[in-house]
Amino acid sequence: MVEPAAGVLGALAVSYCEPVLPYALAFAAGAMIFVVMDDIIPEAQMGGNGRWASGWCIVGFIVMMALDVALG
């Protein structure tokens, strides 16, 4: 019973906060990238593959940014 009411409330909140939404999503994406890198790189350092993990994380980030710019 709560889900439909919360869905309508969430839709209203998104339509009201639409100008701020791109910045909030960008912040969430940056936070997620930080969390993943904070977990992957130290674990790779323990296995002796820290440089490879760091390099491929950078390459992956560049590819995703290029795709974002190219595809809009």
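## Annotated segments

Helices here are DSSP runs of H or I, at least four residues long, numbered from the N terminus. The model is predicted. Residues 53-71 are 100% helix with 0% strand, and their end C-alpha atoms are separated by 27 Å.

Both stretches carry the UniProt annotation "transmembrane region", which comes from an unreviewed entry.

## Packing of α2 and α3

Helix α2 spans residues 21-46 and helix α3 spans residues 50-71. Their axes come within 7 Å and cross at roughly 155°. Because angles over 145 degrees count as roughly antiparallel, α2 is roughly antiparallel to α3. The crossing of these two helices is right-handed.

On the α2 side, the residues that meet α3 are Ile33, Met37, Ile40, Ile41, Ala44 and Gln45. Their counterparts in α3 are Gly50, Ala53, Ser54, Cys57 and Phe61.

## Cysteines

Cys57, one of the α3 residues in contact with α2, has a relative accessibility of 16%. Cys57 therefore counts as buried, the cut-off being under 20%. Cys17 has a relative accessible area of 38%, so Cys17 is partly exposed.

How many disulfides does the structure hold? The structure holds zero.

Note on methods
Residues are numbered from 1 along each chain as its sequence is written. This is a predicted model: local features need pLDDT of at least 70, side-chain atom pairs count only at pLDDT 80 or more; totals for chains, interfaces and linings use all residues. Side-chain values use heavy atoms; hydrogens and water are left out. UniProt positions are given in the numbering used here, feature names are shortened, and annotations may be inferred rather than shown by experiment. A disulfide is a pair of cysteine sulfur atoms within 2.5 Å. Buried means under 20% relative accessible area, exposed over 50%, partly exposed in between (1.4 Å probe, protein chains only). Axes are lines fitted to C-alpha atoms, for helices over the stretch in contact, and angles run from 0 to 180 degrees between N-to-C directions. Angles under 35 degrees count as roughly parallel, over 145 as roughly antiparallel, 65 to 115 as roughly perpendicular and the rest as oblique. A crossing is left-handed if the near helix is turned anticlockwise from the far one by less than a right angle, and right-handed if clockwise. Contact means heavy atoms within 4.5 Å.
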